[in-house]
Amino acid sequence: MIINKRHIQTATGYKVKVCKSCKSTFDKIGGNDVIIALSQKNGAGRGEHTFFSPPGGLYIVQRERNVIDPHTLTPAVGLAVHDAVKAVTGRHTQLKWVNDVIYNDKKIAGILVRSPRPNEYLIGVGVNYFTDARAFEKVGLFDAGSLGADVTTASAFCAELISRIRLAARESFNYHKYTALCRTIGKNISFVRDGVNLEGYAESIERDGSLIVRIGSATVAVDAGEVSIVRESGN
């Protein structure tokens, strides 16, 4: 796969670095605005997890400053991924709160935001753009899949995504749109709070990006952590 760096820089106005492979895009961004890797040896994931990053994916870290609302940045970037995929490929994705993008019931993108210093945010997005889906099966990642997009659209997709991430960082979070696209809503879910495993019914997404969960007669706002959809028997 060839990424047209000049096209992306012209389209976005950002200083872009492209590398065939690296240990982690978070470590290699340096003084650039954006880094795009075609594979990673040790991609960063949430917590202690790594992000499996085989060839066929697009692994991007974008630096943004003056973010309008850091609390809603992760779900807002999820919307940016959804919109970029639809604009370039015509495919329709869904969102799983708070940092996953889903296509054909498989995770095809993950989002990770870090803030190395005040007023600076490194926004990481890994997209399984045209990855061979068998690569995930070989390592036991049966919930992961591929967008199966045309390789020739990769540069256009990168430019579109970078531009939409920039807008997501500077505009108010569209929580109504996120709710409509979020497959977590209307499902029984499990999550951990203060070391205790809890289950409840996911009702809505709030303006601040939190997930409202009903547990019995009470509701709680979940604003961080891993959320899993409870699989019903027979599914």
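**A serine and beyond**

Modeller: Leaving aside residues up to four places away in sequence, Ser-163 touches Ala-11 and Thr-12, where contact means heavy atoms within 4.5 Å. Before going on: this is a predicted model, so local features need pLDDT of at least 70 and side-chain atom pairs count only at pLDDT 80 or more, while totals for chains, interfaces and linings use all residues. Numbering starts from 1 along each chain as its sequence is written, and side-chain values use heavy atoms, with hydrogens and water left out.

Ser-163 belongs to helix α5, residues 154-170. (Helices are DSSP runs of H or I with at least four residues, strands are runs of E with at least two, and both are numbered from the N terminus.) A polar atom of the Ser-163 side chain lies 3.0 Å from the backbone oxygen of Ala-159. That's a polar contact: a pair of N or O atoms within 3.5 Å, where one must be able to donate a hydrogen and the other to accept it, and sequence neighbours count only if both atoms are side-chain atoms.

Now to charges and rings. The charged end of Arg-166 sits over the ring of Tyr-14, 4.9 Å from its centre. Elsewhere, Arg-114 lies over the face of Phe-26, 4.6 Å from the ring centre. To count, NZ of Lys or CZ of Arg must be within 6 Å of the ring centre and within 35 degrees of the ring normal.

Most residues other than glycine have a negative phi, and most peptide bonds are trans. Asn-66 has a positive phi, near 55°, and sits in the loop between β5 (58-65) and α3 (73-89). Asp-194 also has a positive phi, about 55°, in the loop between β10 (188-193) and β11 (196-205). Asn-66 is exposed at 57% relative accessible area, and Asp-194 is exposed at 78%; exposed means over 50% with a 1.4 Å probe, protein chains only. The bond between Trp-97 and Val-98 is cis, with omega about 10°, and Val-98 is in the loop between β6 (94-96) and β7 (100-103).

Last, the largest pocket holds about 1200 Å³ of space. Its lining counts 47 residues, with Lys-96, Asp-100, Lys-107, Asp-143 and Glu-226 nearest the centre. Strand β8 gives the most to that lining, seven residues. A pocket here is an open set of points on a 1 Å grid over the protein atoms alone, where a 1.4 Å probe fits, with protein on both sides within 12 Å along at least five of seven lines; lining residues have an atom within 4 Å of a point. Points join across faces, edges and corners, and the volume is the space filled by probe spheres set on them.

Key. Buried means under 20% relative accessible area, exposed over 50%, partly exposed in between (1.4 Å probe, protein chains only).
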